[in-house]
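Okay, thanks for coming, everyone. Let me put the model up, and then I'll walk you through a few spots in it.

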Amino acid sequence: MTAPLSDDVRTLLLSRIKDVADYPKPGVMFKDITPLLADPAAFAALTGALVELAGQYGATKIVGLEARGFILAAPVAVQAGIGFVPVRKAGKLPGATLAQSYELEYGTAEIEVHAEDLSAGDRVMVIDDVLATGGTAEASLSLIRRAGAEVAGVAVLMELSFLPGRAKLAGSLSGAPLDALIVV
């Protein structure tokens, strides 16, 4: 579902997302959020919308997915007064981790979380910038549950509706909400 945003906020966010043709390869239209991050009013509006969702979800922890999900999730956690937990690419976290592999278009990848950062009783909101194919988000849901925590919901700035991310996540959500602030 699309999260409730005022028309003014939706217009502001959309106006700060830049299309970059043929990046990172020919035929791809990349959605660059760096202009949104550089605009304090737009970034504050985005953060406020995600904080509101964290409250609706009853989240007690926020997971941010590497790398742009970190940028969005950390200020949400601070404003909501709850913990932030990074989910990183394999080999980037020191100490004991839980790892989860997932399929890419050509091959596989792996993400990790510190094993002690999530536990039973935690209600975890996953935040990322874009929902595309859903592989990373789906792997993060597995990690959260393997750590003994509950998935409170998933929120993304933007959903690419022409890719199968939402359908891929449907079974893994187990009733938790999936909200996209913008659907393109």
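**Starting from Asp129**

Let's begin with Asp129: setting aside neighbours within four places in sequence, Asp129 is in contact with Ile33, Arg68, Gly69, Leu72, Val156, Leu157 and Met158, contact being heavy atoms within 4.5 Å. Before going on, a word on ground rules: this is a predicted model, where local features need pLDDT of at least 70, side-chain atom pairs count only at pLDDT 80 or more, and totals for chains, interfaces and linings use all residues. Residues are numbered from 1 along each chain as its sequence is written, and side-chain values use heavy atoms, with hydrogens and water left out.

So, Asp129 lies in strand β7; helices (H or I, at least four residues) and strands (E, at least two) are DSSP runs, numbered from the N terminus. Is Asp129 buried or exposed? Its relative accessibility is 4%, so Asp129 counts as buried. Buried here is under 20% relative accessible area, exposed is over 50%, and partly exposed is in between, with a 1.4 Å probe and protein chains only. And which side chain does Asp129 pair with? That's Arg68, through a polar contact of 2.3 Å. By polar contact I mean a pair of N or O atoms within 3.5 Å; within protein, one must be able to donate a hydrogen and the other to accept it, and residues adjacent in sequence count only if both atoms are side-chain atoms.

Over in strand β8 there's Glu159, which counts as buried because its relative accessibility is 7%. The side chain of Glu159 makes a polar contact of 2.7 Å with the side chain of Arg166.

Now helix α3, residues 40-57. With 18 residues at 1.5 Å a residue, α3 should span 26 Å, and its end C-alpha atoms are 25 Å apart, which agrees. The expected span is 1.5 Å times one less than the number of residues. At the start of α3, a side-chain oxygen of Asp39 comes to within 2.9 Å of the backbone nitrogen of Ala41. After α3 comes Gly58, with a positive phi near 70 degrees. Among the buried residues of α3 are Ala42, Leu46, Leu50 and Leu53.

The largest nonpolar core has 28 residues, and Leu13, Leu46, Leu50, Ile62, Met125, Ile127 and Leu157 touch the most other members. A nonpolar core is a set of buried Ala, Val, Leu, Ile, Met, Phe, Trp, Tyr and Cys residues joined through side-chain atoms within 4.5 Å. α3, α4 (68-80), β7 (123-131), β8 (150-159) and β9 (178-183) each supply at least two residues of this core. Its largest share, seven residues, comes from α3.

How do α3 and α4 meet? Phe43, Leu46, Thr47, Leu50 and Val51 in α3 meet Ile71, Leu72, Pro75, Val76, Gln79 and Ala80 in α4.

Most residues other than glycine have a negative phi, and most peptide bonds are trans. Here the peptide bond from Tyr23 to Pro24 is cis, with omega near 5 degrees, and the bond from Glu66 to Ala67 is cis too, with omega near 0 degrees. Pro24 sits in the loop between β1 (18-21) and β2 (29-32), while Ala67 is in the loop between β3 (61-65) and α4. Asp22 is not a glycine, yet has a positive phi of about 60 degrees.
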